[in-house]
Structures are given as structure tokens and as C-alpha cells.
Amino acid sequence: MQNNEAVLEDGKIKSVTAENCEIDRESEFGEWASYGDDDIMQQQYAIQAEEGKKVPFVGDKESLSSLAAEYKSGSPILLEKIKVLDEKYNAIRRTRGDGNCFFRCFMFSYLEHIMECQDQAEIDRIKANVEKSRKALQTLGYAELTFEDFFALFLDQLECVIQGKETSISHEELVLRSRDQSMSDYMVMFFRFVTSAEIQMRKEFFEPFILGLSNTTVEQFCQSSVEPMGEESDHVHITALSDALGIPIRVVYLDRSSCDTGGVSVNHHDFMPMAGDLPNASCSSEKNIPFITLLYRPGHYDILYPK
């Protein structure tokens, strides 16, 4: 019989035997057996609702010191990397980790950028790209009723961030709308459909990457990993969305990787649209510098604000 030792919170050692484990398992299974499917679902909804109170879909701006506080008892290399980040970025805006964080980050960052720049030419440019995505979905055989409401809502929000109109909204209202589940989810679905259309229309380009991720066809990948809410995003999703809308995206990576030279550095990757259809440089120093900057930690994206 094997004996293992487990350390308790008070530092004492407790002997753990196979019999102990079996008893614990039986007790655990016995507890779950008393729950029906509806009870379990209700419990899951309650947990999600409670988590939602702690982390909204889109949070407030915070200093990077709040990020450092998360890791003060953790990896020293992460703390050093946060110091490097602090040299270039002055704030972070967190998003809920529900599998939709990339799209919510992109949604808020882009609309916030338009609100700051008041760039009508950029709205006209993006509308033309949105129309291309609409036609692509129709070409692929999607019924318009499956996506038209998502497209309409996003286009409405584009107009609302331009000031001087009856429908104009404040930055505070933009934050509130991004936290409203119905509106926020609809806009996420808009981006998911745009991403799916881009991947399928450029099947030959994306197929090798998709085969490297999963043993599925491009169509199956879009149906199972792009269009459904809650599915996480990776480089395929980011590349497709950036190309479809012609918007550069910078992703900064916060991980435990070390530099070959022995120093500490923070890596980033710029996703640049293939077509060269870039936004105007009305609010940025250079046209090809991404104005959307996301912080990636394994499995999650948040928004970063450069100094």
C-alpha cells in the first residue's frame, strides 16, 4: 500500500492512503448524485452570475500597479516583465475571462479609438469592409437573418460614437453599453461572423494553420471554434479579423519565457492587414502602428494603453 503526505494550511503533515482517497471519492460522488441536471445548471448559472459581479465584461482603467499586485507572491520574472511594461504603458482595462475576451477587447478598443479621433473617414472605410463581410457570408450560403441583427447593432454603435448627433453617446455610456450583456454579446457575434467569413473565403491560406490546431476542416473549425460564443481566440482568429476589417492589432505577451541574453524583455506581435487597407493616421503618429494593443496572458486578453 502506498502512503503519500499532504501538507495542510497550518503546515502539519497528514498521511494520505488509497483508502482515504476512495472514501473521499465516494463521498464526493454521493454529494453530486443528490443533484439533478437542473440543479447543476442552476448552480453553474449562480457561479457565473457571482463572477460577473466581480469582473464586468469590460472593466475600468487601472494602473499597471494593480497587475503587479496579482503576482507579488508569484514568479519573479513576471514581476520584472511588468516593470518593463510600465515603461511603455500607463493603464490596463480588464475584460471578463469568458472565452470572448479577445473580441470584447477589440470591440471596446476600436470604438473608443473612433470616439477619441472623431474620424468619419475611418467609419466610411470600415463600413465598406463590413459590407464585404456581409456579401461574403451571403456567398457562403448564410441566411441573412442569422447575422443581420449583429451587423446592424455594430453599425449603429459606430455612428453613436461620433459626437454632435442626436444619437451621440458619451464615453461613460460606451462603457455601460459594453457591459450590457445583450449589446455586448451581439457585437461579439458580429466580430465572430466577420472572422468566420474571412477564414472561409480564404480557405487555402488558413487551412494549414487550422490543421496545425485541430484535425478539422476549415468549415468545421468555423462552426465549432469561431462562431459559437465562449470559444477562445488564437492567432488564426486575430489574423482573420485584422485582415477582414483592415485594422492592425498589437498583442503583448506576458509569460514566463526568458531572454537568451539573460535580460528581461516583453515580446509583442503586430498583426498587420494583408491588403494594406489601413486606417488613417489621424490619432496616431504613424499609419502602420497599431492603435489597438492587447495584453495576452495564457488563455486571456486585456486592453493596454500606451503612454
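Which residues of the largest nonpolar core touch the most other members? In this predicted model, local features require pLDDT of at least 70 and side-chain atom pairs count only at pLDDT 80 or more, whereas totals for chains, interfaces and linings use all residues. Residues are numbered from 1 along each chain as its sequence is written, and side-chain values use heavy atoms, with hydrogens and water left out.

A nonpolar core is a set of buried Ala, Val, Leu, Ile, Met, Phe, Trp, Tyr and Cys residues joined through side-chain atoms within 4.5 Å; buried denotes under 20% relative accessible area, exposed over 50% and partly exposed in between (1.4 Å probe, protein chains only). The largest such core has 54 residues, of which Phe106, Tyr110, Phe154, Phe191, Leu245 and Ile249 touch the most other members. Its largest share, eleven residues, is supplied by helix α5 (residues 101-117). Helices (H or I, at least four residues) and strands (E, at least two) are DSSP runs numbered from the N terminus. A second, separate core of 13 residues includes Leu64, Tyr71, Leu78 and Tyr89.

An unreviewed UniProt entry lists Asp98, Cys101 and His300 under "active site"; such annotations may be inferred rather than shown by experiment. These residues span 203 residues in sequence, yet no two of their C-alpha atoms are more than 8.8 Å apart, so they gather at one spot. Cys101 lies in helix α5 and is buried at 4% relative accessibility. His300, in strand β8 (residues 300-306), is likewise buried, with a relative accessible area of 14%. Leaving aside neighbours within four places in sequence, His300 is in contact (heavy atoms within 4.5 Å) with Thr95, Arg96, Gly97, Cys101 and Leu295.
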